[in-house]
Amino acid sequence: MRRLEEMKNWSYKEAYEFALDVENRKCFPEMQEYVSDLTVVPTFDLRKKSNARKMIVESINSRTFILVDGASRNGKTTFANRLAKEIDGIVLDIDYLCKDWGDKELENAKDMIEYFKIATNIGTLTDNFLLMELENIVRQKSELNKPVILVGMYLDLMFRTVIFKCFGKRYFEKIVSILCFEDSFKKVEYLIKSGEQEFGGTVMPGEREKCLGQYNIVRDIVIKQKGISLGLGVDHSFIINTDVSNKFKDW
């Protein structure tokens, strides 16, 4: 069995591969030790709080790592960009990092055969890109002495633990978790339709079903599990929605 001190020094790649082993049910004793080393703070639901903006901003300093988490079409990227403007922060959106990297790889393809090979395997290739480079990207941004906002969906307990251990306390003074979660799926459906209007008003096939599946996962974490995992390993934990996000819009 691996010792906790050894696990604390793992790179993101090593810890991520460990998390996959946990998913494959190969190392439960190590998982329990790895996760139980984290402290727990209360998660505050700010969706109906008039002082939400103040509470979020006051939890952040120039050496803060912020995870903006949640299901698709719950306003993560919009909120992250608004928050970054407010606190002079840096946004690292996983979707855009992967898209930018993939576009460059396709652009640099030597011929059509290589182009189609990359295009066919783009999912696996971007996963490998993140595995090898995400920690370097976060470390480099942390050296700018500004808050760094990582946008993605990291709701699985082991993967959240990996993110916080490898990026949070290693390169920053504080960690803040912000979960974007709408009060009802009707609001998510409205956001889906609003977003698709930019692309001719057509909702992509399967988009509603994908968003509903992710929304139900988040709802279980917030309601059935009482959000306990959201406050694990962080200094501050909040739940917000687009109403809170809009408080940052005109600042």
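The following dialogue examines how terms are applied to a predicted model.

User: What kind of model is this, and which residues count towards its features?

Analyst: This is a predicted model, in which local features need pLDDT of at least 70 and side-chain atom pairs count only at pLDDT 80 or more, while totals for chains, interfaces and linings use all residues. Residues are numbered from 1 along each chain as its sequence is written, and side-chain values use heavy atoms, with hydrogens and water left out.

User: Why is the contact of aspartate 45 and arginine 47 called a salt bridge?

Analyst: A salt bridge is a side-chain nitrogen of Lys or Arg within 4 Å of a carboxyl oxygen of Asp or Glu. For aspartate 45 and arginine 47 the N to O distance is 2.7 Å, so the pair meets the definition. In general, side chains of opposite charge can pair when their charged atoms come close. Asp45 and Arg47 also belong to a network of salt bridges with Lys48 and Asp183. The structure holds 17 salt bridges.

User: Why is strand S2 described as largely enclosed by the rest of the structure?

Analyst: Strand S2 (residues 64-70) is described in this way because 7 of its 7 residues are buried. Both faces are covered: Thr64, Ile66, Val68 and Gly70 are buried on one side, and Phe65, Leu67 and Asp69 on the other.

User: What makes S2 and strand S5 a pair?

Analyst: Two strands pair if DSSP finds at least two bridges between them. S2 and S5 (residues 174-180) share 7 bridges in the parallel sense, so they count as paired. In this pairing leucine 67 stands opposite serine 177. S2 is also joined to strand S4 (residues 148-151), in parallel, by 4 bridges, with phenylalanine 65 opposite valine 148.

User: How many disulfides are found, and how far is the nearest cysteine sulfur from that of cysteine 98?

Analyst: A search of the whole structure finds 0 disulfides. Cysteine 98 is in none, as the nearest cysteine sulfur, that of cysteine 166, is 17 Å away. A disulfide is a pair of cysteine sulfur atoms within 2.5 Å. For cysteine 211, the closest cysteine sulfur, in cysteine 180, is 14 Å away, which is too far for a bond. Cysteine 98 is buried at 13%, and cysteine 211 is buried at 0%.

User: How many aromatic pairs are there, and why is the pair of tryptophan 10 and phenylalanine 18 called by its particular name?

Analyst: The structure holds 11 aromatic pairs. The rings of tryptophan 10 and phenylalanine 18 have centres 4.9 Å apart and planes at 50°, so the pair is tilted. By definition, rings of Phe, Tyr and Trp (its six-membered ring) pair if their centres lie within 6.5 Å; planes under 30 degrees apart count as stacked, over 60 as edge-to-face and the rest as tilted. Both tryptophan 10 and phenylalanine 18 are buried.

User: What makes the phi of arginine 73 worth noting?

Analyst: Most residues other than glycine have a negative phi. Arginine 73 is not a glycine, yet its phi is positive, about 65°. Arginine 73 is found in the loop between S2 and helix H5 (76-87), and at 26% it is partly exposed.

Technical notes. Buried < 20%, exposed > 50% of the residue type's maximum accessible area, 1.4 Å probe, protein only. Helix = DSSP H or I, 4+ residues; strand = E, 2+ residues; numbered from the N terminus.
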